Amino acid sequence: MSKRYALSDAQWERIKDLLPGQAGQPGATAKNNRLFVDAVLYRYRAGIPWRDLPARFGDFRVVHTRHSRWSRTGVWQRVFEALAQDADNEYAMIDSTIVRAHQHSAGAKRGDPDKQALGRSRGGLSTKIHATVDALGNPTGFLLTPGQAHDLQGADALLKDSPAQAVIADKAYDAHARLIKPLLDKGKTVVIPSRVTNRQPREHDRDLYKARHLIENFFARLKQYRAIATRYDKTACNFLGAVYLAAAMVWLA
């Protein structure tokens with residue numbers, strides 16, 4: 001049986017107790033959590049439709065329904081957050097990346113496109129993934145918005161309670177009243193270059209700014225999951241659940 005994209009024994013040991021359905025817990029005991037997690041990883045890494053899951057994973061409809069439930073109830077997020085407790089908070093980096101959304105991702109029964117983090121433009125549907133990483137380039141937080149949303153929407157949500165001592169970001173985050181001043185008031189170091197249109201340019205630590213490549217490296221790793229590099233999920237909830245799972249795998253690497 002192929003083990004491509006599957007959890008290693010060591011990785012499974014680190015997360016198995018974080019998953020629901022344990023013996024002795026309220027509710028039904030899960031039949032095979034590991035096989036289910038492997039199925040979800042396989043689908044998103046290979047970028048295939050759910051119905052094309054190999055038969056060894058069982059009925060694809062059951063896998064999809066369970067993934068939807070775990071995404072909706074925050075299971076994937078809790079696994080990710082448990083692993084991210086080991087973050088190096090010397091500094092944080094924030095950025096965003098746009099992923100094209102397949103036409104099949106539209107048409108969710110509930111909610112308008114904005115609520116499903118889908119934006120429409122000449123290029124078609126898109127979703128923007130806002131993310132923060134720690135000083136070692138490991139992911140620490142996410143927000144989904146429609147593709148046309150400004151990067152500062154991510155900063156508003158992800159940096160509000162950041163424990164990092166310094167924040168590194170590119171020129172898109174050069175907003176004094178909205179972002180930089182609140183960070184400075186909290187005693188944080190801000191490493192954000194000034195835009196050429198800024199009438200009061202700031203100095204920044206150029207050597208520390210070079211570390212910003214770590215968040216670009218993270219996005220490159222995230223997009224190795226083909227069903228994240230291109231969004232096929234109709235709901236933002238399911239897509240974000242997959243992002244949390246893929247990010248957890250970065251912590252497990």
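This is a predicted model: local features need pLDDT of at least 70, side-chain atom pairs count only at pLDDT 80 or more; totals for chains, interfaces and linings use all residues.

Reader: How are the rings of F142 and F218 set against each other, and how far apart are their centres?

Author: Their planes meet at 40°, so the pair counts as tilted, and the ring centres are 5.9 Å apart. F142 belongs to strand 4 (residues 139-146) and F218 to helix 8 (residues 213-222), so this pair links distant parts of the chain, 76 residues apart.

Reader: Are those two buried or exposed?

Author: F142 has 7% relative accessibility, so it counts as buried. F218 is buried too, with a relative accessible area of 1%.

Reader: OK, how many aromatic pairs are there in the whole structure?

Author: The search finds eleven. One of them is F36 with W76, a stacked pair with 5.9 Å centre to centre and 20° between the planes.

Reader: Which parts does the F36 and W76 pair tie together?

Author: F36 lies in helix 2 (residues 33-46) and W76 in helix 4 (residues 75-83), so the pair ties together parts that are 40 residues apart in sequence. F36 counts as buried at 5% relative accessibility, and W76 counts as buried at 2%.

Reader: What about charges over rings? What does R43 sit over?

Author: The charged end of R43 sits over the ring of Y44, 4.7 Å from the ring centre. There's also R45, which lies over the face of Y225 at 5.3 Å from the ring centre.

Reader: Switching to strands. Why call strand 3 enclosed?

Author: Nine of its ten residues are buried, so strand 3 is largely enclosed by the rest of the structure. Strand 4 is mostly covered as well, with six of its eight residues buried.

Reader: How many bridges does strand 3 have with strand 4, and which way do they run?

Author: Seven bridges, in the antiparallel sense, and strand 3 covers residues 124-133. Among the partners, V133 bridges to P139, and K128 bridges to T145. Strand 3 and strand 4 form a hairpin with five residues between them, and G137 in the turn has a positive phi of about 85°.

Reader: And how many bridges join strand 1 to strand 3?

Author: Eight, and strand 1 and strand 3 run antiparallel. One partner pair there is S96 with H130.

Reader: Last one. Where is A117, and what is its phi?

Author: A117 is in the loop between strand 1 (92-101) and strand 2 (119-121). Its phi is near 55°, a positive value in a residue other than glycine. A117 also counts as buried, at 3% relative accessibility.

How values were computed: Residues are numbered from 1 along each chain as its sequence is written. Side-chain values use heavy atoms; hydrogens and water are left out. Rings of Phe, Tyr and Trp (its six-membered ring) pair if their centres lie within 6.5 Å; planes under 30 degrees apart count as stacked, over 60 as edge-to-face and the rest as tilted. Helices (H or I, at least four residues) and strands (E, at least two) are DSSP runs, numbered from the N terminus. Buried means under 20% relative accessible area, exposed over 50%, partly exposed in between (1.4 Å probe, protein chains only). A charge sits over a ring if NZ of Lys or CZ of Arg is within 6 Å of the ring centre and within 35 degrees of the ring normal. Two strands pair if DSSP finds at least two bridges between them.
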